[in-house]
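Biologist: I'm new to this one. Could you show me how to read it, feature by feature?

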Amino acid sequence: MKKITIYTDGACSGNPGSGGWGALLIYDDHQKEIMEGAFETTNNRMELTAAIEALNVLKHPCAITLHTDSTYVKDGITKWIRNWKSNGWRTTAKKPVKNADLWQALDEAVQRHNINWCWVKGHNGDEGNERADELANMGLNNYRVL
């Protein structure tokens with residue numbers, strides 16, 4: 001099984017507002033960068049989309065170390081999602097889970113892979129995270145409303 005390192009990030013100008021996401025995928029000495037953006041979105045949606053798109057670009061099951069600076073993404077996929085699914089995509093307060101469409105897409109994307117989720121402090125000099133942030137901002141710039 002290929003061992004892949006992924007760094008993901010999301011960005012938003014206004015929240016909601018124009019947004020972008022980016023991901024850096026590393027396999028041995030090869031790197032792939034992906035990015036995109038959206039009008040009228042949120043930072044959390046962009047963080048989730050970055051992880052989903054990074055996982056979906058992989059053609060075969062992989063052993064992945066995925067770095068994110070979003071505790072929302074990391075905690076959501078490693079701690080909260082089981083209860084959300086068993087509660088019909090409702091929180092413990094019986095309210096609909098925000099971004100359920102993306103959580104469901106992420107849940108599907110992770111099934112193919114063995115993933116170690118790592119939180120990294122954003123804007124703190126981590127090379128991979130800094131590049132993912134640059135990519136997210138490049139995606140955002142394509143959708144910025146002037």
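Modeller: Happy to. Start with exposure: a residue is buried under 20% relative accessible area, exposed over 50% and partly exposed in between, using a 1.4 Å probe and protein chains only. Asn 141 has 45% relative accessibility, so it counts as partly exposed. Asn 141 is found in helix α4, residues 127-141. Before we go on, this is a predicted model, where local features need pLDDT of at least 70 and side-chain atom pairs count only at pLDDT 80 or more, while totals for chains, interfaces and linings use all residues. Residues are numbered from 1 along each chain as its sequence is written, and side-chain values use heavy atoms, with hydrogens and water left out.

Biologist: How far is Asn 141 from Thr 92, in sequence and in space?

Modeller: They are 49 residues apart in sequence and 37 Å apart in space, C-alpha to C-alpha.

Biologist: Where is the kink in α2 centred?

Modeller: On Trp 80, with a kink of about 65 degrees. The bend at a residue is the angle between axes fitted to the seven residues ending there and the seven starting there. Just after α2, Gly 88 takes a positive phi of about 65 degrees.

Biologist: Which residues of α2 are buried?

Modeller: Tyr 72, Val 73, Asp 75, Gly 76, Ile 77, Ile 81 and Trp 84. As a general idea, an α-helix has 3.6 residues a turn, so residues three or four places apart point the same way. The cover over the buried residues of α2 includes α1 (43-56), β4 (62-68), α3 (100-110) and β5 (114-119).

Biologist: How do α2 and α3 cross?

Modeller: Axes are lines fitted to C-alpha atoms, for helices over the stretch in contact, and angles run from 0 to 180 degrees between N-to-C directions. The axes of α2 and α3 come within 11 Å and cross at roughly 95 degrees. That makes α2 roughly perpendicular to α3, a label for angles of 65 to 115 degrees. Contact means heavy atoms within 4.5 Å, and the α2 residues that meet α3 include Trp 84 and Lys 85.

Biologist: What about the nonpolar core?

Modeller: In soluble globular proteins, nonpolar side chains tend to be buried together. A nonpolar core is a set of buried Ala, Val, Leu, Ile, Met, Phe, Trp, Tyr and Cys residues joined through side-chain atoms within 4.5 Å. Of the 32 residues in the largest one here, those touching the most other members are Ile 6, Leu 55, Ile 64, Leu 66, Trp 103, Leu 106 and Trp 117. Its largest share, seven residues, comes from α1.

Biologist: Which peptide bond is cis?

Modeller: The one from Asn 15 to Pro 16, with omega near 15 degrees. Pro 16 lies in the loop between β1 and β2. Both Asn 15 and Pro 16 are in contact with Thr 41, a residue of strand β3 (residues 30-41). Thr 41 counts as buried, because its relative accessibility is 4%.

Technical notes. Helices (H or I, at least four residues) and strands (E, at least two) are DSSP runs, numbered from the N terminus. Angles under 35 degrees count as roughly parallel, over 145 as roughly antiparallel, 65 to 115 as roughly perpendicular and the rest as oblique.
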